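Let's take a walk through this protein and look at how two of its parts meet. Have the structure open as you read.

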2 protein chains.
Amino acid sequence: MTNTDDLLPIGLEDRLPTEARQVTHAMRTALQAMDSHGYDRVRPPLIEFERSLAGRMDGVQTRNLFRFVDPQSLRTLALRSDMTPQLGRIASNGMAQAPRPLRLCYAGEVATMTADQLDPARQRLQLGAELIGSDTVAAAAEIVMLAVEAVEATGATGISLDFTLPDLVDVLADGAFPLAPDAVEKVRRELDTKDAGGLVAAGGEAYLPLIHAAGSLNEALEKLRAVDAGGALATRIDGLQQVAARVGDRARITLDPTERHGFEYQSWFGFTIYAEGARGALGRGGTYMIRGSEEPATGFSLYLDALLPALPASESAQILFLPPGHDAEAAARLRAIGWRTISALSEQDNPADLGCSHVLDGQNAVPLT
Amino acid sequence: MTNTDDLLPIGLEDRLPTEARQVTHAMRTALQAMDSHGYDRVRPPLIEFERSLAGRMDGVQTRNLFRFVDPQSLRTLALRSDMTPQLGRIASNGMAQAPRPLRLCYAGEVATMTADQLDPARQRLQLGAELIGSDTVAAAAEIVMLAVEAVEATGATGISLDFTLPDLVDVLADGAFPLAPDAVEKVRRELDTKDAGGLVAAGGEAYLPLIHAAGSLNEALEKLRAVDAGGALATRIDGLQQVAARVGDRARITLDPTERHGFEYQSWFGFTIYAEGARGALGRGGTYMIRGSEEPATGFSLYLDALLPALPASESAQILFLPPGHDAEAAARLRAIGWRTISALSEQDNPADLGCSHVLDGQNAVPLT
């Protein structure tokens with residue numbers, strides 16, 4: 001019966017009932033956590049002009065987008081690969097007049113034409129929040145805690161955070177450790193890959209101690225303080241400590257001050273979030289400037305697919321079988337207090353085969369024997 | 001600040017907070033109604049092979065799909081324009097071994113490259129249920145009631161149903177009112193447009209009374225009985241009456257027995273559902289055979305965008321402002337009982353501007369004065 005048309009393309013898959021229930025439950029509980037902190041959900045469309053999706057933010061690669069020519073506008077449209085630029089567009093246009101700070105959240109499917117090396121998936125369920133109009137330490141602390149609470153709400157445990165300082169090299173190059181303009185990008189790259197030899201070759205010898213200033217937050221901050229000739233990093237170090245104080249013991253925190261991959265558009269602060277049992281990182285966040293409107297913002301994104309293996313099994317309600325000729329009002333009353341029901345379509349329907357645990361007998365739910 | 005890249009393509013739009021809250025609430029309540037009747041949600045991907053989406057069902061026009069060549073398989077992929085064929089694929093493949101009748105539901109975004117004449121939207125939020133393994137009167141009654149309950153759950157009122165008999169011409173042509181094989185399609189078309197002259201010209205004079213057998217269910221059934229020479233339609237008429245009996249007074253019912261537009265793949269029974277204040281029809285359903293597996297099924301789809309104008313305004317919880325230095329535990333306790341909170345990021349944040357109705361004072365929520 002199966003033929004190749006019935007298969008799905010590589011990297012695209014169905015979520016059948018058990019997984020669909022888990023993913024949906026995780027999405028709703030995480031959205032509820034964001035809603036309770038005053039984040040209003042918006043629903044941008046699946047498709048936009050390619051330039052709108054790719055132009056608003058570094059790190060979106062147009063060649064990785066599903067693209068097509070729009071017969072109406074004769075312009076290139078693309079399927080979104082990331083909802084963050086859509087939120088930036090909404091904040092700068094449809095909600096330009098809304099009071100700041102503006103708190104928005106979102107959840108939706110995103111897709112890329114090619115997968116990345118570690119994960120074959122070409123579609124993911126993205127969820128996140130944006131705090132628009134602020135990139136202060138207070139904003140960073142709020143967003144980090146919101147990410148932690150959103151992940152906690154899904155039932156995942158063992159949460160950890162890895163902080164980074166995306167603009168570290170820019171700050172130091174302007175001050176304590178000057179670099180020729182054409183060396184800045186090279187130094188950034190060598191620090192990102194932690195290549196000591198390459199760093200020296202790029203003229204970044206002064207930056208060598210940064211390679212080792214990674215690890216658990218307090219130890220790493222100690223090393224960073226030792227590097228901080230002239231106090232150029234004092235406000236960064238202080239900011240990280242304030243954010244960490246808000247997190248308290250709700251997540252383990254590490255620092256990798258020179259991590260840059262995935263933080264191309266972040267400014268002073270970035271973080272990655274993990275949970276025990278999850279497949280790689282759950283998501284990332286940080287402070288940034290919205291392109292075009294040049295408004296400061298702080299936000300995060302989570303990918304629920306990565307979270308799936310870390311989630312507790314979600315329970316379906318017990319199912320009550322409604323035999324032919326059952327009392328429809330009694331069944332409606334039981335549904336109203338949380339029962340799921342399955343109604344017989346014929347005398348042949350077998351309650352046990354259909355996953356039912358109980359049968360309606362008169363007004364009462366009786367366990368299947 | 002706005003430039004053309006910030007605009008959305010025609011037919012694609014953002015749902016900003018008020019509408020997003022309404023649509024999301026309607027989707028969840030409708031899904032909850034389906035869940036309570038034992039329908040398990042599945043989440044198929046946004047994208048599939050074009051042939052898988054278009055080949056499984058009549059009425060899906062490939063030239064209306066957003067299509068692209070997959071660099072991995074070198075085959076044509078398409079963005080789904082309808083989730084129903086995806087459910088048919090799941091039932092016939094991933095869930096081929098699950099016991100029948102199989103009850104599945106779904107909700108998700110669908111998109112078409114061109115809009116239809118009446119509605120410029122190119123993306124819609126589709127939601128529906130499929131009862132797989134049965135197309136009996138009992139199955140039709142269950143699905144019609146499920147559609148009514150799903151719409152009721154969203155808060156919409158004034159629900160009405162328009163029934164149709166999609167295979168009526170085939171049944172009559174095989175019996176009481178024989179037609180030459182090449183006349184069947186012409187007669188169907190003339191009946192669909194209710195063109196009496198065209199119908200006679202197509203050799204379908206015997207079918208003329210059907211044009212007038214439309215209207216409120218009981219009157220229309222009366223006329224249909226008069227047409228029913230030889231009793232060929234007796235089981236159809238009886239089936240419609242049984243379905244209508246299940247609906248009772250929860251929806252007004254009309255019958256248009258020759259309506260065919262939108263029911264190209266339905267077998268003996270089809271229906272359209274409406275609600276007061278909605279923009280056109282909310283959705284359609286009926287009995288059909290799943291292509292490929294040739295398994296009988298009954299199902300319906302709703303489009304929540306059409307429902308939006310009919311929905312009651314959804315209320316956001318009252319918002320509690322948390323001033324700088326507030327009691328974080330008191331705030332968490334209040335969130336746990338349903339408050340939304342907005343935390344001050346600086347001394348400048350103004351609770352009234354941010355939409356707050358209350359301020360946290362010590363442990364207590366105090367109305368803003």
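How many salt bridges are there between domain 1 of chain A and domain 2 of chain A? The count is 3. Keep in mind that this is a predicted model. One salt bridge to look up joins A:Arg250 and A:Glu152, with their closest N and O atoms 2.7 Å apart. Polar contacts turn up here too: 7 residue pairs make them between domain 1 of chain A and domain 2 of chain A, counting pairs with both residues at pLDDT 80 or more.

So what does domain 1 of chain A bring to this meeting place? Helix 4 (137–153), strand 7 (160–164) and strand 10 (266–274) of chain A each put at least two residues on the side that touches domain 2 of chain A. Helix 4 of chain A gives the largest share, 9 residues. Sort that side of domain 1 by residue type and you get 12 nonpolar, 3 polar and 4 charged.

Now step back to the whole chain. Chain A is split into domain 1 (9–165 + 260–316), domain 2 (167–251) and domain 3 (319–367). The C-alpha centres of domain 1 and domain 2 of chain A sit 27 Å apart, and their contact draws on 19 residues from domain 1 and 18 residues from domain 2.

As for area, domain 1 and domain 2 of chain A bury about 1,700 Å² between them, with 67% of it on carbon and sulfur atoms. Three residues stand out on the domain 1 side: A:Met145, A:Leu165 and A:Arg260 supply 40% of the area that domain 1 of chain A buries against domain 2 of chain A, more than any other three residues.

Terms used:
Residues numbered from 1 in each chain as written. Chains lettered and ligands numbered in written order. Predicted model: local features only at pLDDT ≥ 70, side-chain atom pairs only at ≥ 80, totals over all residues. Heavy atoms only, no water. Domains from an automatic or database assignment. Contact = heavy atoms within 4.5 Å. Buried area = accessible area lost by both parts, 1.4 Å probe. Salt bridge = Lys/Arg side-chain N within 4 Å of Asp/Glu carboxyl O. Polar contact = N/O pair within 3.5 Å; in protein donor to acceptor, adjacent residues only side chain to side chain. Helix = DSSP H or I, 4+ residues; strand = E, 2+ residues; numbered from the N terminus. Nonpolar A, V, L, I, M, F, W, Y, C, P; charged D, E, K, R; others polar.
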